[in-house]
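Thanks for making the time this morning.

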Amino acid sequence: DAVKQVAMETFLQHWGYLALIVLCFVQACSIPISSEVTFAFAGVLAYQHHLELALVIIIGSLAELAGSSVSYAVGRIGGRRTVERLARYVLVTKSDLDRVERFFAGRGSWSVAVGRMLPVVRGFVGIVAGFIEIPVGPFEVYNVIGTVIWATALSVIGYGLGSAWSTVSHYVSIGGYIIVALII
């Protein structure tokens, strides 16, 4: 995990907004990449004047929205069986899909916004919302709400951490998992 985090940070440092687009898009396509590290470190880079905080939030949110919309389309068009077949290629397990599907059970469309703000769950919201057939309009509205709140909160936290990032970065990912455990 530490190696992956360093690789993500290096990618962001060297490629800036392009790296932010790639990491956010891929993560929202149900590929397990830490959006906590992506947004928080992009916030740190904004603090260091390598990026602009507002652009980190806007560009990162748009990339996440595009990725989760692609993921939604795959789930909607392909259904659960197709998703399960494709999942093994992107390191997603049947239990990952089951976990997110249980999260949606009986909660309605608003759970998209909540799910997009939960570490781990957030990356699978689009694909599961697609195969359980949440209507596209409500999906997109709640997707925007949850994604923008998440991107803003983490980017601002990273910006606030500023030069202390190297000391606390390990705890950013751990904190995300603690939040999920507490909610569950």
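When I say contact, I mean heavy atoms within 4.5 Å. What you see is a predicted model, in which local features need pLDDT of at least 70 and side-chain atom pairs count only at pLDDT 80 or more, while totals for chains, interfaces and linings use all residues. Residues are numbered from 1 along each chain as its sequence is written, and side-chain values use heavy atoms, with hydrogens and water left out.

Let me start with Ser68, which sits in helix α3; helices here are DSSP runs of H or I with at least four residues, numbered from the N terminus. Ser68 counts as buried because its relative accessibility is 0%, where buried means under 20% relative accessible area, exposed over 50% and partly exposed in between, with a 1.4 Å probe and protein chains only. If we set aside its neighbours within four places in sequence, Ser68 is in contact with Ala28, Arg116, Gly126, Phe139 and Asn143. With the side chain of Asn143, the Ser68 side chain makes a polar contact at 2.7 Å, that is, a pair of N or O atoms within 3.5 Å, of which, within protein, one must be able to donate a hydrogen and the other to accept it, residues adjacent in sequence counting only if both atoms are side-chain atoms. The side chain of Ser68 also reaches the backbone oxygen of Leu65, at 3.3 Å.

Now to the helices themselves. Helix α3, residues 53–87, packs against helix α7, residues 136–161, at an angle of about 145°, their axes being 9 Å apart; axes are lines fitted to C-alpha atoms, for helices over the stretch in contact, and angles run from 0 to 180 degrees between N-to-C directions. Among the residues that meet here are Ser68 and Tyr72 in α3, and Phe139 and Asn143 in α7.

How do α2 and α3 cross? Helix α2, residues 35–47, has an axis that comes within 9 Å of that of α3, and the two cross at roughly 155°. α2 therefore counts as roughly antiparallel to α3, a label for angles over 145 degrees, with under 35 being roughly parallel, 65 to 115 roughly perpendicular and the rest oblique. In this pairing, Phe39 and Ala42 are among the α2 residues, and Val56 and Gly60 among those of α3.

Finally, Ser163 lies in the loop between α7 and α8, and counts as exposed because its relative accessibility is 62%. Ser163 and Gln48 are 115 residues apart in sequence, yet 7.9 Å apart in space, C-alpha to C-alpha.
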